[in-house]
Amino acid sequence: MQNTAQNREEDELTALRRELLAAVESASDAAAVEDLRVTALGKKGRITDLMKTLGALPPDVRKARGAALNVLKDEVAAALEAKKKTLAVAALESRIASERIDVTLAPRPMPEGRIHPISQTVDEIVNIFGAMGFSVARGPDIESDHMNFTMLNIPPDHPARDMQSTFYLPQTGEHPTILRTQTSPVQIRTMMKRKPPIRIIAPGRTYRCDYDMTHTPMFHQVEGLVIDEATHMGHLKGCLMDFLRAFFGIKDLPVRFRPSYFPFTEPSAEVDIGCSRKGGELKLGAGGDWLEILGCGMVHPNVLRNCGLDPEVYQGFAFGMGIERIAMLKYGIPDLRTFFEADLRWLKHYGFAALDIPNVALRG
Ligand code: DAH
């Protein structure tokens with residue numbers, strides 16, 4: 001009778017052993033192994049529960065039963081431990097396999113960005129004038145007509161003030177608001193902000209109501225301004241000749257100063273560079289023909305006065321030129337409108353590699 005009961009209990013343990021070891025065997029990750037450990041050996045685990053029943057058994061049965069339970073407990077604990085290690089090794093191996101870098105694989109080509117010819121040209125201009133001691137000044141694209149025209153001695157009936165030539169915006173302040181038609185208001189802003197000596201260039205966007213082969217509603221200019229107590233027309237000529245020869249990379253580039261008129265300079269001049277148009281092909285350099293390139297002059301006493309500078313003490317020169325125009329000439333770009341069509345094929349052809357940029361001497 002007792003034997004039968006003992007045998008039944010042994011069978012029970014054998015079944016439990018088979019069940020637990022099979023569960024351990026099929027556990028697929030560390031969490032499952034841990035769950036099994038708790039179910040079998042935890043405080044309320046199945047083996048632990050069986051251990052707790054030992055106290056109620058008669059001493060001779062308890063001994064054999066206790067020994068069997070201990071064997072089972074150790075066996076299950078060892079199986080859990082072994083499974084844990086196997087799973088850890090497998091996890092590491094799969095990580096190593098998935099993170100392997102195949103160094104024999106050819107690199108994917110990086111898409112190569114290009115520098116827009118306007119950016120390149122501005123960098124070149126800044127570089128050349130930077131070397132002559134100019135710093136870069138900037139002003140807002142949205143200006144008052146006061147800064148853009150009145151302060152620059154441009155009379156109220158000047159055609160540039162016409163609605164057809166200038167973008168007027170809803171007025172926000174004391175004066176009509178416009179998109180600046182020239183970078184010249186940066187001259188005013190600079191002279192109102194600081195005392196001479198002044199030596200700045202101001203590259204930036206400008207806007208006019210124009211659109212054809214040689215005009216776009218938005219384009220770029222660079223303004224120049226030098227004010228101190230001794231700068232004269234000779235400096236103006238030397239400075240611009242040096243710039244044009246450096247920019248176009250032609251040492252003996254012919255440069256001609258022609259008398260002209262601008263409201264904000266007196267005297268005023270337009271500057272031409274030498275070229276040849278033989279056979280319909282434009283070539284910069286000596287050749288007997290001329291190409292207009294920029295406007296300049298000695299700053300008008302009224303402009304100095306408008307900015308609170310005494311024209312009896314201070315004087316200097318200013319100039320302004322179109323950046324697209326000189327970029328087109330230097331790099332042989334035939335149509336102005338293409339600058340702003342954002343055509344990547346165009347940019348690939350006319351653009352510059354990042355490392356082509358000359359050292360940009362931005363001084364403030
Ligand atoms: N602002 C003029 C224009 O847009 C260009 C210009 C001419 C600027 C003569 C100057 C200058 O500073 O002195 O046509």
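Mentor: Glu143 is found in strand E2, residues 142-144; strands (E, at least two residues) and helices (H or I, at least four) are DSSP runs numbered from the N terminus. This is a predicted model, in which local features need pLDDT of at least 70 and side-chain atom pairs count only at pLDDT 80 or more, while totals for chains, interfaces and linings use all residues. Residues are numbered from 1 along each chain as its sequence is written, and side-chain values use heavy atoms, with hydrogens and water left out.

Glu143 has a relative accessible area of 3% and is therefore buried. Buried means under 20% relative accessible area, exposed means over 50%, and partly exposed is in between, with a 1.4 Å probe and protein chains only. The side chain of Glu143 makes a polar contact of 2.6 Å with the side chain of Arg189. A polar contact is a pair of N or O atoms within 3.5 Å; within protein, one must be able to donate a hydrogen and the other to accept it, and residues adjacent in sequence count only if both atoms are side-chain atoms. Neighbours within four places in sequence aside, Glu143 is in contact (heavy atoms within 4.5 Å) with Pro176, Thr177, Ile178, Arg180, Pro185 and Arg189.

The next residue to look at is Gln182, which sits in the loop between strand E4 (177-179) and helix H7 (185-193). Its relative accessibility is 9%, so Gln182 counts as buried. The side chain of Gln182 reaches the backbone oxygen of Asn148 at 2.9 Å and makes a polar contact of 3.4 Å with the side chain of Ser184. Not counting residues up to four places away in sequence, Gln182 touches Asn148, Leu152, Ile154, Thr206, Arg208, Gln221 and Phe264.

Gln182 also faces the ligand: one of its polar side-chain atoms lies 2.7 Å from a ligand nitrogen atom. An N or O atom of the Ala318 backbone lies 3.2 Å from a ligand oxygen atom, and a polar backbone atom of Phe319 is 3.3 Å from an oxygen atom of the ligand.

Now the nonpolar interior. A nonpolar core is a set of buried Ala, Val, Leu, Ile, Met, Phe, Trp, Tyr and Cys residues joined through side-chain atoms within 4.5 Å. The largest one has 45 residues, and Leu244 and Phe248 have the most contacts inside it. Helix H8 (residues 233-248) supplies the largest share of this core, seven residues. A second, separate core of 23 residues includes Phe149, Ile200, Leu225 and Cys307. In soluble globular proteins, nonpolar side chains tend to be buried together.

In H8, the buried residues are Leu236, Cys239, Leu240, Phe243, Leu244, Phe247 and Phe248. Seen down the axis of H8, these fall within an arc of 135°, so they line one face of the helix; the arc is that of the directions from the helix axis to the C-beta atoms. The 16 residues of H8 should span 22 Å at 1.5 Å a residue, and its end C-alpha atoms are 23 Å apart, which agrees. The expected span of a helix is 1.5 Å times one less than its number of residues. Gly249, with a positive phi near 65°, follows H8.

Ile293, in strand E10 (residues 289-299), is buried at 4% relative accessibility, and its contacts include Leu244, Phe248, Ile273 and Leu329. The C-alpha atoms of Ile293 and Arg325 are separated by 7.8 Å, although the two are 32 residues apart along the chain. Met132 lies in the loop between helix H5 (117-131) and strand E1 (135-136). Met132 is partly exposed, with a relative accessible area of 24%, and among its contacts are Cys239 and Phe243. H5 itself is mostly covered, with 12 of its 15 residues buried.
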